There are 2 protein chains.
Amino acid sequence: MTALKNDTFLRALLRQPTDYTPVWLMRQAGRYLPEYCETRARAKDFLNLCKSPALATEVTLQPLARYDLDAAILFSDILTIPDAMGLGLYFAHGEGPKFERPLREEWAIRDLNAPDPRDHLGYVLDAVSEIRRALDGNVPLIGFSGSPFTLACYMVEGQGSDTYQQLKTLMYSRPDLLHHILEVNTRAVTDYLNAQIEAGAQAVMVFDSWGGMLSQAAYLEFSLPYMARIMEGLTRERDGRTVPRILFTKGGGLWLEHMAASGADALGLDWSIDIGEARRRVGERVALQGNLDPSVLFGTPETVAAEAKRILASYGTGPGHVFNLGHGISQFTPPDNVRVLVDTVHGESRRYHGG
Amino acid sequence: MTALKNDTFLRALLRQPTDYTPVWLMRQAGRYLPEYCETRARAKDFLNLCKSPALATEVTLQPLARYDLDAAILFSDILTIPDAMGLGLYFAHGEGPKFERPLREEWAIRDLNAPDPRDHLGYVLDAVSEIRRALDGNVPLIGFSGSPFTLACYMVEGQGSDTYQQLKTLMYSRPDLLHHILEVNTRAVTDYLNAQIEAGAQAVMVFDSWGGMLSQAAYLEFSLPYMARIMEGLTRERDGRTVPRILFTKGGGLWLEHMAASGADALGLDWSIDIGEARRRVGERVALQGNLDPSVLFGTPETVAAEAKRILASYGTGPGHVFNLGHGISQFTPPDNVRVLVDTVHGESRRYHGG
């Protein structure tokens, strides 16, 4: 493979010195970009886009052509694993993801198996390899998966939910069955991320999008320990370089100390926490990624720049910060504001490094 | 007025000694009760129910007839104020609240006025008086309002939202206009709560249901200071008794220290925070109300009792805890589990008091 020309992102995740604060954006290849919408229209369907390595490569690279981003992230969906388990992922027009066969019966839960990624998720691994080739060493590629708990939410509910009534009914009446799902998901996610690393992913991120709707006691029983086991099972080095791991529980700001003990190199932060306070709590143990409210990008360019500077100043001097949004970028974001953001982070952050 | 027979709730809010931990449930008069559904069917429409003092009194008292609760809460809606401002509140079938005339233009924002509660919200004040009479001193009555920020969310969006795109666009492009709305709302909420106290409310609660979707910086600029001004403007004593104030920002667990400095006597907690940790952070300054995940009530009776005991044990010995859910009770709650909860709190909490 070609040598990496910009390793700022990987170094920051390991809290090694960098010249500036690297930046990428969750869901950076997305609907706010007209070129993405054009590719998606050609693909007809979101799943076709995910399942075609050529198209996934095309959209992964689109934001990098526009903006000076420090990392690429595999274009895929967090629900590929339950789809590979046979739950039948589909996207109804204008709605979020759904499963044809949600897990509602004990026999179905007992029947669940971790899929071999080479047999059932080859299209993802092919996309990883093809994106790596296309990146040509310009920036590192991030692989990712949903967390065992977040996957379980979708698998049990069959779709997104505001209350997760089905999932929580299971949790508070048959915790043994939920733990069984989580066991299987943990094996599946570990294998899947290791296969992505094998195929070329240079960092990996676990998205625990729904862990934040748990009580602390439930989070420490049903979400975090499974993510910690994944961290333990991941390939640590590839081609002589450490493969850093990022753990992101949206709404997990109260639990950072617990998360910092999970084996992750970096924690993703949503926008509810002040990043300087997060650093004082856990910054000696992990790097921090975040944490601009994506809605700031609906504001004026001056506000975008001011809020980016506020976060850089709050984190302060020294390594260990990867700038990002606190959640995926909205489809209604004006693309010009993204340029303002990326350029502000690069221009303003040098004062907090080196010297 | 009749002397109060059970003042456990009021004493706990002021961190005075009690014999046991008092308990009430947010949205305790609600759709999980068949008798509520029956009254609501007679009222035809949710707004009729709110606007009829006789029916509002009837449903307010229903949960007290079933369960040994330590407080009643006025049955009303958090959006009565913007309705009184002329925004045209309505409930479309099977959907949440909506406004016919959301605030989208500068002239409409500049035209906004705080309504005189006696002129425009007399039906709420009549309900408060009638409920007080009907309670006959058995337990105290809680009055309430939405927070200035939460009201502003609905007023600008015109309905509930997952992303609050309109509100945040305003916040990050015309903060001056949002501050103007918040100023007017602050006067309106202060007048409204004082009128409720005048009519007989013995404690008041401010529901900041949406403040938790802000960044810390935005919360400290757009939500908390306005609530602190309300606290300052509220009637402190009525009939020789202190009227305690409860402040509840859902998702505000990271900001408890700031909230504890707002002038509130007690803070409401959602279920994401461990109540023992919350007590260690702010328990010397405020009482704490919460914090069972309402979804626990979907579980087995044994789980309901175990989770209630866990919260009592986590809070520990001494006064200052009002047991509650971390959010409103779900319409899908089995009523028998509520009895298990209330009886467990009463039975198990005596060991943490007196002695």
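Predicted model: local features only at pLDDT ≥ 70, side-chain atom pairs only at ≥ 80, totals over all residues.
Which residues of α8(A) are buried? Residues are numbered from 1 along each chain as its sequence is written, while chains are lettered from A and ligands numbered from 1 in the order in which they are written.

**Entry 1, helix α8 of chain A.** I found the buried residues of α8(A) to be Val124(A), Leu125(A), Ala127(A), Val128(A), Ile131(A), Arg132(A) and Leu135(A), where a residue is buried if 20 or more other C-beta atoms lie within 10 Å of its own, exposed if 12 or fewer, and partly exposed in between, with C-beta atoms placed from the backbone. Seen down the axis of α8(A), these buried residues fall within an arc of 155°, so they line one face of the helix; the arc is that of the directions from the helix axis to the C-beta atoms. The helix covers residues 122-135, has 14 residues, and reaches 20 Å from its first C-alpha to its last, close to the 20 Å expected at 1.5 Å a residue, the expected span being 1.5 Å times one less than the number of residues. Helices (H or I, at least four residues) and strands (E, at least two) are DSSP runs, numbered from the N terminus. I then looked up what the buried residues of α8(A) pack against, and the list is α4 (53-66), β1 (72-73), α5 (80-87), α7 (117-120), β4 (141-146) and α11 (175-199) of chain A. After α8(A) comes Asp136(A), whose phi is positive, near 55°.

**Entry 2, the nonpolar core.** The largest nonpolar core has 237 residues, and those with the most contacts inside it are Ile142(A) and Ile142(B); such a core is a set of buried Ala, Val, Leu, Ile, Met, Phe, Trp, Tyr and Cys residues joined through C-beta atoms within 7 Å. Leaving aside neighbours within four places in sequence, I list for Ile142(A) contacts with Ala71(A), Ala72(A), Ile73(A), Leu74(A), Ala201(A), Ala203(A), Val204(A) and Met205(A), a contact meaning that the C-beta atoms of two residues, placed from the backbone, lie within 7 Å.

The 15 residues of α16(A), residues 335-349, should span 21 Å at 1.5 Å a residue, and the end C-alpha atoms are 22 Å apart, which agrees. Here I noted Asn337(A), Val338(A), Leu341(A), Val342(A), Thr344(A), Val345(A) and Ser349(A) as buried. Seen down the axis of α16(A), the buried residues fall within an arc of 160°, so they line one face of this helix. They pack against α15 and β11 (321-325) of chain A.

How many residues of chain A are in contact with chain B? I read 27 residues of chain A in contact with 27 residues of chain B. The elements that give two or more residues to this side of chain A are α10 (165-173), α12 (216-233) and α15 (301-315), and the largest share, 5 residues, comes from α10(A). The same surface serves both copies, since 100% of the contact residues of chain A recur in chain B.

A cis peptide bond joins Gly290(A) and Asn291(A), with omega about -10°, and Asn291(A) has its place in strand β10 (residues 287-292) of chain A. In chain B the peptide bond from Gly290(B) to Asn291(B) is cis, with omega near -5°. Phi of Tyr164(A) is near 50°, a positive value in a residue other than glycine, and Tyr164(A) sits in the loop between α9 (148-157) and α10 of chain A. Is Tyr164(A) buried or exposed? With 20 C-beta neighbours inside 10 Å, Tyr164(A) counts as buried, whereas Tyr164(B), with 19 other C-beta atoms within 10 Å, is partly exposed.

The mean pLDDT of chain A is 96, and 99% of its residues reach 70 or more; pLDDT is the predictor's confidence in each residue, from 0 to 100.
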